[in-house]
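Morning, everyone. Let's take a quick look at charged pairs in one protein model. Here it is.

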Amino acid sequence: MPSSSDCMPPGAEMATGFVLNTGAKIPSVGLGTWQSDPSVVGEAVYAAVKAGYRHIDCASAYDNEKEVGLALKKLFEEGVVKREDLFITSQLWCGHHAPEDVPEALGDSLNDLQLEYLDLYLIQLPFRVKKGTNIGNAENYIPPDIPATWGAMEKLHDAGKARAIGVSNFSSKKLGDLLSVARIPAAVNQVECHPGWQQSKLHTFCQSTGVHLSAYSPLSSPGSKWMNGKVLKDPIVISVAEKLGKTPAQVALRWNIQMGHGVLPKSVSEERIKQNLDVNDWSIPDDLLAKFSEIKQCVQWHPTYKSGLGMSGGARFLPAKAPFSVFLHVSRLI
Ligand code: NAP
């Protein structure tokens, strides 16, 4: 595992954020909103911004962007923050990869969020389903054309609707393929990353290409039944937390930040929202950081192909009988 001093990308600022290849700064901690119920997500966003969060990670697929938008409107109206103080991310769903569908999808997110522009718009998944169909059914999958979708993303960037564009759930191979044809390089690759899934190879690739790695499920998503979810119970994480007088969640988040990765912890609890932001003014010393390389890395098994080798975060969203070509496509190997 690289040490913290090896990991900070050029321009990184340890305390509060990282500088993207666009020159914009992405806050080191953003509030995740996946699986935040629409009835409570607005309160979570409001509490987070009041507590000092400046980044909210959204997606049309989370079915709660309207409620996030209402909370943002209230924060602006009350003068808590101005639009330019915030960094708002949203994501293009895999049913909207057709170039003509990309502006419409961004427009829908902007309408729901009640914003004029996004700070970051991501292609959420490297695979594609037919428009209007879901990812739970193997027949819905069609071959992706990432260069064509990316071309439409570049136009949104040109138009100022997305100040940075990037991807999510992309392996090193897929990110490399994209960078080789992109007119505008991806600013961010948002992937699952935590002490139990450290993404060493992707980390090195992102650093060498100037793409910021943004860590989703940084607590290993303990509330999700199909995720690994065990990092907060890991003995090494717990022992480092006890030595530093921090919680396991804070130590898990801080590990990612010291690797040079932004983190997107989700919470709807005001107490945990505040706790998760308190990770910027202390650090894990090098001797304790070295212990993280001993943490066993999780393997995600695909039910049909009985393989865990090389599966990236995107693979977990595949249906049990996903076509083998799609399964291969989300594997880290290609
Ligand atoms: P996560 O942030 O790793 O974990 C969230 C879970 O941990 C929730 O059950 C939350 O419960 C709990 N929690 C939060 N803070 C805690 C603390 N301090 N101590 C103990 N438990 C705590 O998981 P995630 O939601 O999977 O990932 C975070 C965000 O990443 C998502 O919300 C989403 O924005 C993004 N994401 C993106 C993708 C993608 O495909 N691009 C995929 C997955 C996730 P409470 O809410 O009750 O606090």
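**Salt bridges in a predicted model**

Start with R83 and D119: their side chains meet in a salt bridge, with N to O at 2.8 Å. Keep in mind that the model is predicted. This pair links distant parts of the chain, 36 residues apart. R83 is in the loop between α3 (65–77) and β5 (87–92). D119 is in the loop between α4 (102–113) and β6 (120–123). Are these two residues buried or exposed? Both R83 and D119 are buried.

How many salt bridges does a search of the whole structure find? The count is 7.

Next, K131. Its side chain meets that of D101 in a salt bridge, 3.1 Å from N to O. D101 sits in the loop between β5 and α4, and K131 in the loop between β7 (128–129) and β8 (141–142), so this bridge ties together parts that are 30 residues apart in sequence. D101 has a relative accessible area of 10%, so it is buried, being under 20%. K131 comes in at 45%, which makes it partly exposed.

K131 also forms a salt bridge with E104. Here the closest N and O atoms are 3.8 Å apart. E104 lies in helix α4, while K131 is in the loop between β7 and β8, so parts 27 residues apart in sequence are tied together. E104 is at 42% relative accessibility, so it counts as partly exposed.

Now put those pieces together. D101, E104 and K131 are linked in a network of salt bridges.

Notes:
Residues numbered from 1 in each chain as written. Predicted model: local features only at pLDDT ≥ 70, side-chain atom pairs only at ≥ 80, totals over all residues. Heavy atoms only, no water. Salt bridge = Lys/Arg side-chain N within 4 Å of Asp/Glu carboxyl O. Helix = DSSP H or I, 4+ residues; strand = E, 2+ residues; numbered from the N terminus. Buried < 20%, exposed > 50% of the residue type's maximum accessible area, 1.4 Å probe, protein only.
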